[in-house]
Each structure stands twice: as C-alpha cells, then as structure tokens.
Amino acid sequence: MTKSAALRIRIEPSLHRQFITTCKAQDVKASQVLRDFMRQFVAQNAEGKQIQLLKEDKK
C-alpha cells in the first residue's frame, strides 16, 4: 500500500506522551495504531450508512 497523504492533528501534550509511551510499551508504531483505528472507524461507519440507505430505499 502506497502512503502518500499526511494528516496533522492537534492534541494535548499529555495525551501525546501517553499515546507514544503506550505504543512503545506494546512495541507498535504510533502511525500503525492510528492507521488501524482509521480503517476500523471507516469500516464501522460505512456499514451503518449502507444499512441506513437500505432502509431509505424501502420507504
């Protein structure tokens, strides 16, 4: 998978430190955790939209 887009977010410094510390403790890269979360979030919300669209078609 080619990675060519970037996302910049602002978070509290304490949350950033906790996140990085937790990722290091689990021996995972922070970027991979965020990509995994984003994929899961998109998949879960796409499923909800598909269900909603099917309900609207029946009206």
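Let me open with one side chain: Arg39 counts as partly exposed because its relative accessibility is 37%. By that term I mean anything between buried, under 20% relative accessible area, and exposed, over 50%, with a 1.4 Å probe and protein chains only.

A word on the source: this is a predicted model, where local features need pLDDT of at least 70, side-chain atom pairs count only at pLDDT 80 or more, and totals for chains, interfaces and linings use all residues. Residues are numbered from 1 along each chain as its sequence is written, and side-chain values use heavy atoms, leaving out hydrogens and water.

So who is the partner of Arg39 in a salt bridge? That is Asp36, at 3.4 Å, N to O. I call it a salt bridge when a side-chain nitrogen of Lys or Arg is within 4 Å of a carboxyl oxygen of Asp or Glu. The structure holds one. Asp36 is partly exposed because its relative accessibility is 39%. Both residues sit in helix H2, three residues apart, about one turn of the helix. An α-helix has 3.6 residues a turn, so residues three or four places apart point the same way.

Now, the overall picture. The protein chain has two helices and zero strands; these are DSSP runs numbered from the N terminus, with helices being H or I of at least four residues and strands E of at least two. Of its 59 residues, 3% count as buried.

H1 covers residues 13-25. Its 13 residues should span 18 Å at 1.5 Å a residue, and the end C-alpha atoms are 18 Å apart, which agrees; the expected span is 1.5 Å times one less than the number of residues. After H1 comes Asp27, with a positive phi near 55°.

Next, the surface. A nonpolar patch brings together Leu7, Ile9, Ile11, Leu15, Phe37, Met38, Phe41 and Val42, with about 810 Å² of accessible area together. Helix H2, residues 30-57, gives the largest share, four residues. Leu15 belongs to H1, and at 40% relative accessibility it counts as partly exposed. Patch members have over 30% relative accessible area and no salt bridge; nonpolar side chains (Val, Leu, Ile, Met, Phe, Trp, Tyr) are joined within 5 Å, like charges within 9 Å. Areas come from the Shrake-Rupley method with a 1.4 Å probe, and for residues only the protein chains shown count as cover.
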